[in-house]
Amino acid sequence: MKVPALAVLSPRSAPVPFTSELRPVGRRDVLLEVLYCGLCHADLDRLGSTEGRYPVVPGHEIVGRVVEVGRRVRGLEVGELAAAGWVTRACGRCQACRDGHAAGCDEASEPGLGGYATHAVVDERFVFRVRDGLAPAQVPALLCSGSVLYTLFRGCKTLPGDRVAVLGNGVVADLASKLAAALGAAVDRVELAHLAAIEGGDRAWASGFDVVVSAEVDPPSDLADQRQHVASLLRRPGSILLCDEPLYPPVVGLSVEWGEQTAGMAVTVCRPEQTQEMLDLCANAGVTVDVELVSFADIVDAHERLEREPGRRMVAELATLPAR
Ligand SMILES: [Zn+2]
Ligand SMILES: [Zn+2]
């Protein structure tokens, strides 16, 4: 199936109008008409690389409408809203697939068949339902950092009533605060620069957190210097989640648990079921994110702005794709 798209033909070149060839819709595939696609710094990383195949149709934060389902697809109907991320298919047989880490499968995605196109073909296992209560244009902004943050919160077993401290003022810190609150946690925003000055009764407030999310836009170059202050926020044992901006899978972040004596570490992997749980949580709790809608006519400028500010949340509307 040939569809209009924008593609990058060689490393670091600008996206240009392109006709993309999608695989046929298989028995377990879903054909999405793309409505919105997120602009994510992970694409710019990929497009700056001289390795891998070109041309590349960027875009791995997709929301669209189901326009066709394969014969064996169950539970997804034509006309429904749905979303897709990095992984569009997987072999189902390799060790990564059997461990539930489809992002690690060699067949996990088709390089260059992203959401800067009118349509996408996605294996039903990696199609996410978009429930009422989620604005379609916001969904792309949740798929990467939302999935990572949710996975991290689940990894450190954040429960209703837990105290969560969030350091940082960027979009990741904002989303972390909203997701933690949606999980029922009591959330406080804390400024690292002010911690040393907190004394007396405020000192009691600024301690005893179950989880500390460190999401500084400009993390301190020597985090060890700051550890003492960050650790002072925590009850023992608790969890510190280190989240640089930008934040996207499969680079899935690091959870550092501080026990009585030693620090243990766990790398967490995002699974499709957790992305679905995160989207459902956002729909139920009314979590919203601020996104800037951009036109594909301005995509070069938008990529440049994203390069300068990797934390920006921009979403392109497919209705603006040229040469439709
Ligand atoms: Zn992304
Ligand atoms: Zn596999």
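Buried means under 20% relative accessible area, exposed over 50%, and partly exposed in between, with a 1.4 Å probe and protein chains only. The legends below describe a predicted model, in which local features need pLDDT of at least 70 and side-chain atom pairs count only at pLDDT 80 or more, while totals for chains, interfaces and linings use all residues. Residues are numbered from 1 along each chain as its sequence is written, chains are lettered from A and ligands numbered from 1 in the order in which they are written, and side-chain values use heavy atoms, with hydrogens and water left out.

**View 1. Salt bridge between Asp-29 and Arg-23.** A salt bridge is a side-chain nitrogen of Lys or Arg within 4 Å of a carboxyl oxygen of Asp or Glu. The closest N and O atoms of Asp-29 and Arg-23 are 2.8 Å apart. Asp-29 has a relative accessible area of 8% and is therefore buried. Arg-23 is buried as well, at 13%. The whole structure holds 12 salt bridges.

**View 2. Salt bridge between Arg-313 and Glu-61.** The N to O distance here is 3.0 Å. The pair links distant parts of the chain, 252 residues apart: Arg-313 lies in the loop between α10 (299–308) and β15 (314–317), and Glu-61 in the loop between α1 (41–47) and β4 (62–69). Helices (H or I, at least four residues) and strands (E, at least two) are DSSP runs, numbered from the N terminus. Both Arg-313 and Glu-61 are buried.

**View 3. Salt bridge between Arg-312 and Glu-309.** The side chains meet at 2.9 Å, N to O. Through shared partners, salt bridges join Glu-292, Asp-301, Arg-305, Glu-309 and Arg-312 into one network. Arg-312 is partly exposed, with 25% relative accessibility, and Glu-309 is partly exposed at 43%.

**View 4. Site of the zinc ion (ligand 2).** The SG atoms of Cys-91, Cys-94, Cys-97 and Cys-105 coordinate the ion at 2.3 to 2.4 Å. Donors are N, O and S atoms within 2.8 Å of the metal (3.2 Å for Na, K and Ca); water is not among the atoms, so sites may look incomplete. The angles among the four donor atoms are 105 to 116°, and the site is tetrahedral; four donors count as such if all angles lie between 85 and 135 degrees. The donor residues follow the spacing C-x2-C-x2-C-x7-C in sequence. Cys-97 and Cys-105 are buried.

**View 5. Helix α5, residues 171–182.** From first C-alpha to last, the 12 residues of α5 reach 16 Å, close to the 16 Å expected at 1.5 Å a residue; the expected span is 1.5 Å times one less than the number of residues. Buried residues of α5 include Val-172, Leu-175 and Leu-179. The buried residues pack against α3 (139–143), α4 (145–155), β8 (163–167), β9 (186–190), β10 (209–214) and α9 (272–285). Gly-184, with a positive phi near 95°, follows α5.

**View 6. Leu-279 in helix α9.** Leu-279 is buried, with a relative accessible area of 0%. Contact means heavy atoms within 4.5 Å. Beyond its neighbours within four places in sequence, Leu-279 is in contact with Phe-128, Arg-129, Leu-134, Val-139, Leu-142 and Leu-143. The C-alpha atoms of Leu-279 and Leu-134 are 8.0 Å apart, although 145 residues separate the two along the chain. The buried residues of α9 pack against β7 (128–129), α3, α4 and α5. Gly-286 follows α9 and has a positive phi, near 70°.

Notes: Tetrahedral: all angles 85-135°; square planar, octahedral: opposite > 155°, others 65-115°.
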